[in-house]
Amino acid sequence: GIESNYSGRQGQWITYCDNPESDSPVWSEPKRMFDGFYRDIPLKASDGKWYFAAYFSRHAMPEYYPEECLARGTGPRIYRSEDLEKFEYVCTPEGGESDTGEATIAETANGELILIERNELGSRYTKAKLSAPDKWDSYKLLRYDNNDENSPIMQTVYSLNNIKRLASGNLLLTFHNNNTKVRDNIAVALSKDGGVTWP
C-alpha cells in the first residue's frame, strides 16, 4: 500500500554545497530536478552527460501536474543533464507502465544504456544506444542467457535491484535471489557482455 503520509506529489530535488570542507558548510536553496521518484546513483555516461531513470507512479495525484507531465505516462522516465543545474526530459520507454518500477540504469562497455526495473515476475530490462537515448527496445524479462528464451528467468523478490558498471567494464547486478515475497538472499551477478548473459 501507499504510506499514509504520501501526498501524491512525486519529484526529486537537489541542493549544492560549495564549501564542503568548512566547519560551517553552506547549502543552496533546494531546486526541483524532475518529476517522479529517484532511487539510484546518477550515471555519468561517456558522452559527459548525467542520466537518471526516475519512475512516475500511477499513484500521482493529477491535480499537482500540468497536462504535459501527465501525457508522458507512468513508469520509468529518462532525464539527463549536462551540468546538474538544468534537467531535460528525454523519454518514457514504452511498455514500462509500472507503479513501482524503481529503475536503475548503467552504461555498457559498448556504448549502450541498460535499464533494469523490478517486476512481479522477476526483473525486466530494456536497452538503448547512448547516441539515441530516446529509442529503447521492448522490455524483456531478464534471463541468465538473454539469447535463449528457454534460459531461466533471474527470479527476484518484487523489490529494488541495482546495476552498475565496474572499472573492468563488466556489469554488476545486485538483487534478491529468490521467488518468494521475503526480501532476503541478496545476491550479485556479473555480466561480461553488456548484460546479455549473467553466468
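Of the contacts (heavy atoms within 4.5 Å) between residues at least 6 apart in sequence, 44% join residues at least 24 apart. The model is predicted: local features need pLDDT of at least 70, side-chain atom pairs count only at pLDDT 80 or more, and totals for chains, interfaces and linings use all residues. Residues are numbered from 1 along each chain as its sequence is written, and side-chain values use heavy atoms, with hydrogens and water left out.

**Fold and dimensions**
- The chain holds 1 helix and 13 strands, taken as DSSP runs (helices H or I, at least four residues; strands E, at least two) numbered from the N terminus.
- Their order is β-β-β-β-α-β-β-β-β-β-β-β-β-β.
- The C-alpha trace spans about 50 × 40 × 35 Å along its principal axes.

**Burial**
- Buried residues (under 20% relative accessible area, 1.4 Å probe, protein chains only) make up 44% of the 199 residues.

**Aromatic contacts**
- There are 9 aromatic pairs, meaning rings of Phe, Tyr and Trp (its six-membered ring) with centres within 6.5 Å; planes under 30 degrees apart are stacked, over 60 edge-to-face, the rest tilted.
- Phenylalanine 34 and tyrosine 79 are stacked, 4.3 Å centre to centre with 15° between the planes.
- Phenylalanine 34 counts as buried because its relative accessibility is 4%; tyrosine 79 is buried at 3%.
- Phenylalanine 34 also pairs edge-to-face with phenylalanine 87, at 6.1 Å and 75°.
- Phenylalanine 87 lies in the loop between strand 5 and strand 6 (88–91), 53 residues from phenylalanine 34.
- One aromatic cluster comprises Phe34, Tyr38, Phe52, Tyr79, Phe87 and Tyr89.

How values were computed
Buried means under 20% relative accessible area, exposed over 50%, partly exposed in between (1.4 Å probe, protein chains only).
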